[in-house]
Amino acid sequence: MNKICTRKDIVSKFRDGQTLMIGGFLAVGTPESLVDTLVENNVKDLTVIANDTAFVGKGIGKLVVNKQLKQVIVSHIGTNPETGRQMNAGELEVELVPQGTLAERIRCGGAGLGGILTPTGVGTIVEKGKEKITQNGKTYLLESALKADIALIKAYKADTSGNLVYRYAARNFNPLMAMAAQLVIVEAEEIVEVGALDPNEVMTPGIFVHMIIKG
Amino acid sequence: MASVREIVGKRVARLFKDGDLVNLGIGMPTAVANYLPEGINIILHSENGFIGLGPTPPEGQEDKDIVNAGGQPVTILPGGACFDSAMSFSIIRGGHLAATVLGALQVDEKGNLANWMIPGKMVPGMGGAMDLVAGARKVIIAMEHTAKDGSPKILKQCSLPLTASQEVDYIVTELGFMEVTPEGIVLRELAPGVTVEEIRSKTEADLIIPENIKVMEL
């Protein structure tokens, strides 16, 4: 099945109020042209699940600056002062999640798990409102799964059926998010025919992917 | 006279064994890699998704997809490996990291660490710090002994929100090398020229002073 689509096809999937997962770590591995498409179409009241809010003019930062977000669930906002400003002004809800916990909550969403037990955050404000469970004498926090309406993924190479290869540190949250959303849209640097990728090098199987565009 | 960075870097570097997998935080902790003793090679973990972190590339040879956890261009050494964020933090929490080296705003007698927020002032988010401190086999704090205004950072009890509870093992500053034990903070070594009185006057926590206190080898 050929999953290559047009920018117009992608725009037709966006709605105000959706929950989006967006790959990337300080904008490395973020599908920049898909973020631009969100900005150009001014899709509003979005909840974004991502590692961070990047920089003012880069990656997810552009959505913050354009005031398209209602809530972010991230591990870090320090590189984008506008996120902090909107948070303090009560314009943007910010849920800060330890990075490893965030990765596992997203993985749970795609892996059919209800949540995980992690030692991270025990004895800190992160434990507030969460169930504590003791296993073999050690205390853990119960952290719930995360899912999204749409995941926006950045790949290095994609074949037309959606098999993906990532490059160096641009992999980060992308393979996890590609499992955890109803609709998975991929921006790939290079698109190749089915059969051109060695099955041994595929990092995300094409069955997770719905739409592909060249970035 | 040696700089703070050099004193702290050299002492921290001597805590490693050859082949240790280590995560170095931004700032002073990063400098530790410059002071490894002869014959000690460590493997650096970068929580954004690889091990085998290497030095900054020459100008013009940066790769947009090879950056450290602070977003700065770096290199990946031969033998390095890339992975996703779930594996990166499985390495961290799973006890596969020999040590993490981080800075601190405050650290206390119980080994509590505060280094991620100042309510009302600075709320950048914890990033990977909480996982690193909870998961690494050894937690090493590398920092200036006091805050910029001269106030102590090694306290009886942290007042800022914690990064983790009772996880710190060692504290290394330009004044000394300290170990956190169940009994409290033990002063193991003094930096050259520093007296017990001086380090005590700049530390709020009660320091335990053993008889055989050493001078730091630099």
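Two residues are in contact if their C-beta atoms, placed from the backbone, lie within 7 Å. The model is predicted, so local features need pLDDT of at least 70 and side-chain atom pairs count only at pLDDT 80 or more, while totals for chains, interfaces and linings use all residues. Residues are numbered from 1 along each chain as its sequence is written, and chains are lettered from A and ligands numbered from 1 in the order in which they are written.

**Exercise 1. Describe the side of chain B that touches chain A.**

Step 1. Start with the counts: 34 residues of chain A are in contact with 33 residues of chain B.

Step 2. Find the elements. Helices (H or I, at least four residues) and strands (E, at least two) are DSSP runs, numbered from the N terminus. Strand S4 (75–82), helix H3 (85–93) and helix H4 (129–135) of chain B each give two or more residues to this side. H3(B) supplies the largest share, five residues.

Step 3. Sort by type. Ala, Val, Leu, Ile, Met, Phe, Trp, Tyr, Cys and Pro count as nonpolar, Asp, Glu, Lys and Arg as charged, and the others, Gly among them, as polar. On this side of chain B, 17 residues are nonpolar, nine are polar and seven are charged.

**Exercise 2. Is H3(B) largely enclosed or largely open, and what covers its buried residues?**

Step 1. A residue is buried if 20 or more other C-beta atoms lie within 10 Å of its own, exposed if 12 or fewer, and partly exposed in between; C-beta atoms are placed from the backbone.

Step 2. Apply it. H3(B) is largely enclosed by the rest of the structure, because seven of its nine residues are buried. Among them are Phe89(B), Ile91(B) and Ile92(B).

Step 3. Look for the cover. It includes helix H5 (99–111), strand S5 (115–118) and helix H6 (174–177) of chain A, together with strand S2 (43–46) and H4 of chain B.

Step 4. Go past the end of the helix. Gly95(B) follows H3(B) and has a positive phi, near 80 degrees.
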